[in-house]
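Please read it alongside the sequence and the coordinates.

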Amino acid sequence: MNFAFSEEQEELRRTVRSFLEDKSPSAEVRRLMETEEGFDPAVWRQMAEQLGLQGLAIPEEYGGSGFTYVELVVVLEEMGRALLCAPYFSTIALAANTILHSGDDAARKELLPGIASGETIATLAFTEDNGRWDAEGITMTATKSGGAYTLDGHKMFVLDGHTAGVIVVAARTGDGISLFQVAGDASGLGRTALQTMDQTRKQARLEFSGVPAKLIGAEGKGWDTLGRVLDLAAVALAAEQVGGAQKCLDMAVDYAKVRVQFGRPIGSFQAIKHKCADMLLEVESAKSAAYYAGWAAAELNDELPVVASLAKAYCSDAYFHAAAENIQIHGGIGFTWEHDAHLYFKRAKSSELLLGDPTYHRELLAQRIGI
Amino acid sequence: MDFRFNQGEEGFREEVRTWLGEHLRGEYAALGGGGGPADERGWDVRLAWEKELGQAGWIGLGWPKEYGGRGASIVEQGIFNEEYARANAPARTSFFGEGLLGPTLIAFGSEEQKQRFLPGILRAEELWCQGFSEPDAGSDLANVKTRATLDGDEWVVTGQKVWTTLAHHAHWIFAVCRTDPDAPKHKGLSFLLLPMKQPGIEVKPLKQLTGSAEFNEVFFDEARTSADLVVGGVNNGWKVAMGTLGFERGTAFLSMQLRFDNECQSVIDYAQKHDLARDPLVRQKLADAWIGVQIMKYNGLRTLTKLLATGSPGPEASTSKLYWSAWHQRLGELEMELMGPWSEVLAGAPYEPDDFQTTFLASRAETIYTGSSEIQRNIIGEQVLGLPREPRPTEGTPR
Ligand SMILES: Cc1cc2nc3c(=O)[nH]c(=O)nc-3n(C[C@H](O)[C@H](O)[C@H](O)COP(=O)(O)OP(=O)(O)OC[C@H]3O[C@@H](n4cnc5c(N)ncnc54)[C@H](O)[C@@H]3O)c2cc1C
C-alpha cells in the first residue's frame, strides 16, 4: 500500500514546473490568450523535443515513451497550475486517448507518432449546439458511399478545433456512433474560433458539408471507445483543476500574510484564516481524489468509471470555490483585469463545465454505484 | 502508487477476519456497529465484547510488544479497523484507555506507570475517562482551575471537570490540574491519574440533547492520588496534554471512515427501499455523501503513506477532523430528509432515537469535541498554512 508519487515522478514534476515557470509566466499567458490560435508553437515544440510531454503516456511502439497515466496526472497538474495556454488537453487527453482506445491499430500507427513528436495537434469533436456529453448529444451524421464516408452538420465547443491538424469526429451512421478522422484543412470544413470567457483555453465551431472522413475503429462501436475516453479525460481534467486550485490557495495565503488592515495582516482575522483552512481542506481532498483516479486510469481497472466521475465532480467544485475565495480574499485588487485571480476564476468555470458539470457527474456516479 | 497489500498483510487480514467470524456471534453480533463515545447503547454487552478483544490481543494492536501490544504496523492497524468495520462489530468501549491514555503513557509515562496501567487497558479491565474540560476551560484548555497540591506522598485535588464522557463507568481519570497557580497559564499544569471510586470524587450525569447521559460533571473535593501518579513531570502537564490531543486528533480517525462507509450505504439502502432514490435531488445528495466518504478514504490512505514514510502525517491529516465531522452532520440531515415525517417519531420511550435519529442528534457534538471546528481551522490556518496568529490578550496567571 503506497499512495505517493515515486521519486522519479516528483522529479518529473520539478522539471515540468520549472519549464512552465520559464515558458508560461503570467505575461505569456496574457499574450497568448489574446491571440486567436492561443498557443506558442515554439513552446509546443520544446515541450515535445526537450521534455517529451506529448509522447509521455503514448506507448513506445507508437513513438511515445510509455509512461502511465499517473505521470500524465503530474504533468497536467502542473499545466493547470501555470494556466498553460496550449492544445495539450485536446491533443493528449482527448484525441490521443481516443485513438489509443479505438482498437484501430492502423489509426494508432498513422496518428500517434505525429502526436508524440509534437508535430500533430489534434482534438476530439464531440459536442454540438446541445452541449451534451452523453451519447444522445451526438446527432451529426456520416454518410457512406462506396467505401468512403462524408460528414455533414456541425460540432460546437471543440477545444482547439480551429488549430488542430487532425480532428477526431464523433458522428452517427446507420450502425450508431462511429469515430472519424478528418484533416484540419479538409475541403468542406469551416472552422470558426469562438470568443470565450475563459481565454486561456480556445474553442471553435466546426461546420461540415460533405467533408471526406476516414473511419477509426469499427463502425457503430464509437461509444465503447468514447465512454472510456470521457472517463480518462475527466481524470486528466481533475488533475489540471487540482493544480489551479492549489495555485489559488497559494495566492490567497501569500496575500493574507502581507496585506495589512486595521493594523494587522488580514490573515490573522479568522474570517480570512478560516476561509483559507477550508480551501486547504478542499484542495488536499481534491488531490487525493485526482491522484487516486490517476492510479485507476493507469490500471484501467473497474473502479475507473466511478472514480472518474467522483474526481471530476469534486475537483470542479473545489477549484471553483478556491478561485472564487481567492478573489474575495484579494478584495478590490482581485477584481481587476491586471491581477491573475480572474484568469483562474474563468478557467475554473470553463473546466467545471467541460466534460459535464458536477451535477451531471454526481448523477453518473449514482448510476455507476447502482443507485 | 499502488493500493494493493502485500502477502503478510493479506495474511493478517485473513487472521482478523477468521477471528471475527468465530467470535462475533450472538448478542455481540446483534449489537451491530452502533454506539460511540457519545452513545452507550448496549454498554454491558459491549464491555464483555471488549474483554474478548483484549484476551485475543486485539487491544493495543499498535503498541510496542514490550508493553503488551502486538507491535502491529500502521497498515495492519488499518486492516484490522477495516475488517472490524466490515464485520459491523460493536463500537469500542476502551477508547479513552487504548486510544488516549495508553499512547500518552508510552510516550511520557514512567516505567512504573506503564507497568501499572497498560495491562489493565489491554485487558479492558480498567476503564478511563478524560478530565480536561472545565466550566471555564473548554477550547481554552490552559485555563484549567482545578487545583492539585502535594500533601506528603499524595496529591490533593479540588475543583471541577465537565463534559467528562463515561466518567460514571470509569475506574480512573486522567486530569489536567493546576499545580502552580503563580506560573503563566500553560506552565503551571500537571497531568494526574486519579482513582474514580473515592469519597473525594462525585460524578453527576448531564443529560445530552440525545436524551441520554454519557457525559458528566466530575467534582473533586480533596480527592487524593499517589504523588507518583503525575505523568511527564510536575508542571509539565500542558505538553503531555497536547500529546494526548495529538493522539486523539491523529490516527484515531483512520477507522472512522469505515464506519461512515457502512452508514452511508445504509442511507442509500433506505432511499432505495422507500422508493426515494428516483428523485434527482435525492440522487445528488446520495452521490455527494458517497463521494465524501470515499474522499475520506483517499485522504486516509495518503496520510497513512506519509506516516509510513516520514513518521508524521501530512497537512491533509489536520483537516480530517474538520472534514468528517461536517460530513457526518450533513449525512444526519439527509437521513432526516429521507425519513420525512417519520423522522419525528422516536423508536421508543422515554426518549429513544433510532440509528438515523441518533446520527442526526449525536453528530452535533462532533464539531465541538476534540477541538471544535473553529479551533481546527485556527490550527490549520496557523500551523499548516503559516498565517499570522490572532493578537492575544497578554497571558496572565489564571486565579
Ligand atoms: C459529547 C461531548 C463529549 C465530550 N467529552 C469530553 C471528555 O470526555 N473529556 C473532556 O475533557 N472534554 C469533553 N468534552 C468537552 C469538549 O472538549 C469541549 O466541549 C470543547 O473543547 C469546547 O469547549 P466548550 O464546550 O467550553 O466551548 P467553548 O470553548 O466555550 O466554545 C464555544 C464556541 O466558541 C468557539 N470558540 C472558542 N474559542 C474560539 C477561538 N479561539 N476562535 C474561534 N472560535 C472559538 C467554539 O468553536 C465554539 O463554537 C466533550 C464534549 C462533548 C460535546
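This is a predicted model: local features need pLDDT of at least 70, side-chain atom pairs count only at pLDDT 80 or more; totals for chains, interfaces and linings use all residues.

Residues are numbered from 1 along each chain as its sequence is written, chains are lettered from A and ligands numbered from 1 in the order written, and side-chain values use heavy atoms, without hydrogens and water.

**Interface of chain B and chain A**

- Helices H8 (256-273), H9 (280-310), H10 (315-318), H11 (320-339) and H13 (373-384) of chain B each supply at least two residues of the side that touches chain A; helices (H or I, at least four residues) and strands (E, at least two) are DSSP runs numbered from the N terminus.
- H9(B) gives the most to this side, with 16 residues.
- In contact (heavy atoms within 4.5 Å) are 43 residues of chain B and 45 residues of chain A.
- The two chains bury about 4,300 Å² between them, 67% of it on carbon and sulfur atoms; buried area is the accessible area (1.4 Å probe) that two parts lose on being put together, summed over both.
- B:Met1, B:Phe3 and B:Tyr298 supply 19% of the area that chain B buries against chain A, more than any other three residues.
- Five salt bridges are found across the interface, each a side-chain nitrogen of Lys or Arg within 4 Å of a carboxyl oxygen of Asp or Glu.
- A:Lys273 and B:Glu382 meet through their side chains in a salt bridge (2.6 Å, N to O).

**Chain B as a whole**

- Chain B has 13 helices and eight strands.
- The C-alpha trace of chain B spans about 70 × 50 × 45 Å along its principal axes.
- Of the 399 residues in chain B, 52% are buried, meaning under 20% relative accessible area (1.4 Å probe, protein chains only).

**B:Gln208**

- B:Gln208 lies in the loop between strand S6 (201-206) and strand S7 (215-226) of chain B.
- B:Gln208 is buried, at a relative accessible area of 12%.
- The side chains of B:Gln208 and B:Glu214 make a polar contact at 2.7 Å.

Definitions and conventions
Buried means under 20% relative accessible area, exposed over 50%, partly exposed in between (1.4 Å probe, protein chains only). A polar contact is a pair of N or O atoms within 3.5 Å; within protein, one must be able to donate a hydrogen and the other to accept it, and residues adjacent in sequence count only if both atoms are side-chain atoms.
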